[in-house]
Amino acid sequence: MTERIGHFLAGARQEGRSSRIGPVYCPATGELIAEVAFADEFEVDEVVGAAHAAAAEWRDSPLGERVEILLRFRDLLVKHRDELAGLITRENGKLVSDARGEISRGIESVEFASGLSTHLLGSFSEQVARSIDAYSVRQPLGAVVAITPANFPAMVPLWMLPNALACGNAVILKPSEKDPSAPIRLAELLDEAGLPAGVLNVVNGDHFTAAALLSHPGVDAVSFVGSTPVARSVYENATATGKRVQALGGAKNHLLVLPDADLDAAAEAAISAGYGAAGERCMAVSVVVPVGGVENELVAEMERRSKAVVVGDPMDPHSELGPLITGAHRARVASYVDRASGEGARVVLDGREHLGSAAGSGGFYLGPSLIDGATPEMAVYRDEIFGPVLSLVHASSYDDALDLVNANPFGNGAVLFTSSGRWARAFQHDVRVGMLGINVSIPVPPGHFSFGGWKGSLFGDLHMYGPDGVRFYTRGKTVMTRW
Ligand code: NAD
């Protein structure tokens with residue numbers, strides 16, 4: 001019988017009462033391995049009510065107690081890292097080493113939130129008027145919703161939960177319906193760490209479930225991570241009903257290679273950041289921009305390295321590229337190779353012909369694809385493909401390359417390879433993205449900074465996790481006193 005995945009409510013797994021369900025696949029084999037419950041509006045209404053009741057008590061618990069729970073949770077994440085990674089790989093398809101890495105990045109957010117007593121410090125001004133003092137505090141929002149994407153089923157919830165909970169909020173997490181097991185397991189571990197029942201609820205579901213949460217008057221704030229069209233609509237709809245919203249969207253990240261760059265290092269970075277996690281990362285590089293005549297050498301080097309990428313079972317430690325998350329997504333990604341050649345680009349490598357030992361396995365595998373001579377008008381450049389497809393767009397000068405990045409509607413990350421401090425400084429100053437790397441392929445900030453893009457990659461004002469996370473999950477209050 002197919003496994004049935006329900007919800008995590010009031011401190012326990014529950015089956016769910018709606019008749020709606022969705023399929024969960026194992027991307028490595030293509031098999032249907034579970035069905036996940038999709039919560040209906042009446043279930044959402046109940047959970048929001050329960051979260052409010054839990055939030056009222058939780059906000060009054062001492063900060064030290066909340067931090068202690070997080071410290072125990074951190075130890076449980078370390079202890080269960082391999083188990084969580086196995087759950088992620090089974091339903092998401094990413095390499096088990098990537099899945100372990102995702103837990104490690106999530107642990108950084110837990111560690112940051114464990115220092116909340118410092119991050120929450122208010123300020124005090126004595127004698128602002130005769131015998132009057134002024135001070136400020138930050139307080140939790142109440143019941144907050146977290147809606148998370150399929151590509152990081154543990155890390156993105158861990159970007160949100162530690163700060164939200166430590167600040168004294170109750171959280172309703174609606175994970176992606178494609179890989180729901182790891183988020184439920186995170187909730188169990190928080191329960192084991194001592195989090196009171198009802199303070200974190202995991203409600204599984206699809207866009208109808210999400211819509212019921214977003215329109216519910218009892219929800220105070222929404223943290224969202226997913227594709228740009230959904231992020232935009234989540235931001236517009238939820239702010240229209242007075243909620244605080246941070247909605248992180250998709251990306252089209254460029255890697256620029258200047259003539260003075262170490263071409264070997266640049267090619268290696270492009271391959272690992274382009275094909276790593278099968279290109280299903282919002283910080284994946286998808287466009288490489290050789291500047292001022294380095295294109296022939298760079299393409300040759302990238303072609304050689306692309307052909308050497310080992311496609312295979314994500315549990316096999318020798319594999320370098322695992323399957324995509326669903327069969328439908330694989331077909332969509334592969335269609336861009338045909339579109340690119342139809343629009344006049346040169347297909348250097350077609351991932352459908354480079355499957356290695358994964359060929360014929362039934363899994364959702366697609367090898368690396370390399371497209372040269374793309375232009376900004378082509379679909380392969382315009383769209384977020386979210387798969388192992390790297391395009392090269394040639395630029396004749398640094399200024400042309402910078403203009404290309406800045407004209408792109410997305411603004412998550414960008415990377416420059418150079419050996420010149422002058423160009424590095426200029427790029428840092430002028431590029432219009434939220435996270436940039438100089439000779440660093442995936443510039444994801446560590447847990448004590450915050451994560452977020454610009455333009456169509458983020459709707460809202462505050463980035464995710466770190467100091468911005470604390471600001472997002474609290475609101476300020478100033479007090480004037482005379483005794
Ligand atoms: P998605 O947008 O399809 O789904 C994300 C979440 O939104 C899921 O929980 C889904 O159930 C829910 N959802 C779907 N339709 C909705 C709707 N109409 N209203 C409300 N909620 C809805 O994204 P995905 O395929 O799960 O994840 C991949 C996308 O996420 C990529 O675009 C990637 O770039 C992006 N992403 C961005 C970041 C970032 O930090 N900027 C990080 C990870 C992933």
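**Figure 1. Salt bridge between Glu111 and Arg74.** Glu111 pairs with Arg74 in a salt bridge whose closest N and O atoms lie 2.6 Å apart; a salt bridge here is a side-chain nitrogen of Lys or Arg within 4 Å of a carboxyl oxygen of Asp or Glu. Because Glu111 belongs to helix 4 (residues 96–113) and Arg74 to helix 2 (residues 63–79), the pair ties together parts that are 37 residues apart in sequence. Helices (H or I, at least four residues) and strands (E, at least two) are DSSP runs, numbered from the N terminus. Glu111 is partly exposed, with a relative accessible area of 38%, and Arg74 is likewise partly exposed, at 26%. In these legends, buried denotes under 20% relative accessible area, exposed over 50%, and partly exposed in between (1.4 Å probe, protein chains only). The structure is a predicted model, in which local features need pLDDT of at least 70 and side-chain atom pairs count only at pLDDT 80 or more, whereas totals for chains, interfaces and linings use all residues. Residues are numbered from 1 along each chain as its sequence is written, and side-chain values use heavy atoms, with hydrogens and water left out. The structure holds 24 salt bridges.

**Figure 2. Salt bridge between Arg185 and Glu83.** The side chains of Arg185 and Glu83 form a salt bridge with an N to O distance of 2.5 Å. Arg185 is in helix 7 and Glu83 in helix 3 (residues 81–92), so this pair ties together parts that are 102 residues apart in sequence. Arg185 is buried, at 14% relative accessibility, while Glu83 is partly exposed, with a relative accessible area of 34%. Side chains of opposite charge can pair when their charged atoms come close.

**Figure 3. Polar contact between Ser181 and Glu91.** Helix 7 (residues 181–192) also contains Ser181, a residue that counts as buried at 10% relative accessibility. The side chain of Ser181 makes a polar contact of 2.5 Å with the side chain of Glu91. A polar contact is a pair of N or O atoms within 3.5 Å; within protein, one must be able to donate a hydrogen and the other to accept it, and residues adjacent in sequence count only if both atoms are side-chain atoms.

**Figure 4. Salt-bridge network that includes Arg305 and Asp264**. Arg305 and Asp264 form a salt bridge, with their closest N and O atoms 3.8 Å apart. This pair links distant parts of the chain, Arg305 being in helix 11 (residues 295–307) and Asp264 in helix 10, 41 residues apart. Arg305 is buried, with a relative accessible area of 18%, whereas Asp264 is partly exposed at 45%. The network of salt bridges joins Asp264, Glu268, Glu301, Arg304 and Arg305.

**Figure 5. Patch of positive charge on the surface**. Arg244, Arg471, Arg475 and Lys477 gather in this patch. Patches are made of residues with over 30% relative accessible area and no salt bridge, with like charges joined within 9 Å and nonpolar side chains (Val, Leu, Ile, Met, Phe, Trp, Tyr) within 5 Å. Lys and Arg count as positive and Asp and Glu as negative, while His and the chain ends are not counted. The place of a charge is taken as NZ of Lys, CZ of Arg, CG of Asp or CD of Glu. Accessible areas come from the Shrake-Rupley method with a 1.4 Å probe, and for residues only the protein chains shown count as cover. Arg475 is located in strand 23 (residues 474–482) and is partly exposed, with a relative accessible area of 41%.

**Figure 6. Patch of negative charge on the surface**. Asp399, Asp400, Asp403 and Asp430 make up this patch. Helix 14 (residues 398–407) gives the most to the negative patch, contributing three residues. Asp400 is found in helix 14 and is partly exposed, with a relative accessible area of 37%.

**Figure 7. Positive phi values at Ala277** **and Phe386**. Most residues other than glycine have a negative phi. Ala277, although not a glycine, has a positive phi of about 50 degrees. Ala277 occupies the loop between helix 10 (263–275) and strand 14 (285–290) and is buried, with a relative accessible area of 11%. Phe386, also a residue other than glycine, has a positive phi near 60 degrees. Phe386 lies in the loop between helix 13 (379–382) and strand 17 (389–392), and at 23% relative accessibility Phe386 counts as partly exposed.
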